[in-house]
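Biologist: I would like to learn how to read a structure. Can we go through one together?

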Amino acid sequence: MQIKVAVAYHSGYGHTAKQAAAVAAGAEKVPDTQVRLVSLAELNDELWEVLQESDALIFGTPTYMGGSSAVFRTFVEATSQVWGDNMRWKNKIAGGFTNSGNMAGDKLNALIDIALFAAQHGMVWVGLAEYGGWNTSSGSPEDLNRLGSWLGAMSQSNNDEGADVTPCASDLRTAEALGRRIAETAHIHRAGRAAVGFDEVSA
């Protein structure tokens with residue numbers, strides 16, 4: 001049984017796009033998973049079709065001034081038509097990721113923003129299931145989940161470095177872990193619904 005996963009993101013300077021690619025790479029490691037990486041910079045018919053056909057939607061945005069980007073918010077508001085049409089994304093698996101220039105940067109607020117958006121669509125949220133790293137004297141920035149996030153994947157990119165340098169390898173491995181977990185959960189969700197006779201994965 002093949003599962004379709006869409007990684008839908010906005011990236012201002014390329015850092016979040018690099019994180020999105022890592023999320024997609026993680027999802028692709030799960031057998032029988034088709035992954036589409038789609039930009040939210042242009043809201044066209046192809047984008048809406050990809051999102052509607054997908055079993056799991058993983059959303060990404062940079063954190064700007066403590067929240068999601070204006071481009072991402074434009075997308076969120078445009079989905080009101082999807083919501084108004086019998087909640088067409090209901091029961092899809094959802095997850096999220098974000099990047100900022102500061103170690104904290106209030107990235108949690110951006111992830112909460114994405115999670116609430118998914119909840120309003122009746123989607124099933126999946127977070128990161130990895131111990132927090134870099135929190136002991138023997139830890140290092142190379143630890144998985146070094147920023148200690150569980151609602152979704154976080155990454156940090158220095159403001160004076162381009163996407164060819166940042167995010168760092170550990171943040172990208174963390175993004176991969178999220179993508180893999182969401183793809184695995186989408187398979188389990190689909191199989192479980194089929195086993196109990198719920199053939200409609202999304203309303």
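Modeller: Start with a contact, meaning heavy atoms within 4.5 Å. Lys 18, Gln 19, Ala 22, Val 23, Ala 25, Gly 26 and Ala 27 of helix 1 touch Leu 172, Ala 175, Glu 176, Gly 179, Arg 180 and Ala 183 of helix 6. Sorted by class, this contact has seven nonpolar, three polar and three charged residues. Here Ala, Val, Leu, Ile, Met, Phe, Trp, Tyr, Cys and Pro count as nonpolar, Asp, Glu, Lys and Arg as charged, and the others, Gly among them, as polar.

A word on the source: this is a predicted model, where local features need pLDDT of at least 70, side-chain atom pairs count only at pLDDT 80 or more, and totals for chains, interfaces and linings use all residues. Residues are numbered from 1 along each chain as its sequence is written, and side-chain values use heavy atoms, without hydrogens and water. Helices (H or I, at least four residues) and strands (E, at least two) are DSSP runs, numbered from the N terminus.

Biologist: At what angle do helix 1 and helix 6 pack?

Modeller: Two packed helices are described by the angle between their axes and the distance between the axes. Helix 1 (residues 15–28) and helix 6 (residues 169–195) pack at about 45°, with axes 6 Å apart. The axes are lines fitted to C-alpha atoms over the stretch in contact, and angles run from 0 to 180 degrees between N-to-C directions. The two helices are therefore oblique to each other. Under 35 degrees is roughly parallel, over 145 roughly antiparallel, 65 to 115 roughly perpendicular, and the rest oblique.

Biologist: Which residue forms a salt bridge with Glu 176?

Modeller: Side chains of opposite charge can pair when their charged atoms come close. A salt bridge puts a side-chain nitrogen of Lys or Arg within 4 Å of a carboxyl oxygen of Asp or Glu. Lys 29 pairs with Glu 176, the closest N and O atoms being 2.9 Å apart. Lys 29 lies in the loop between helix 1 and strand 2 (33–39) and Glu 176 in helix 6, so the pair ties together parts 147 residues apart in sequence.
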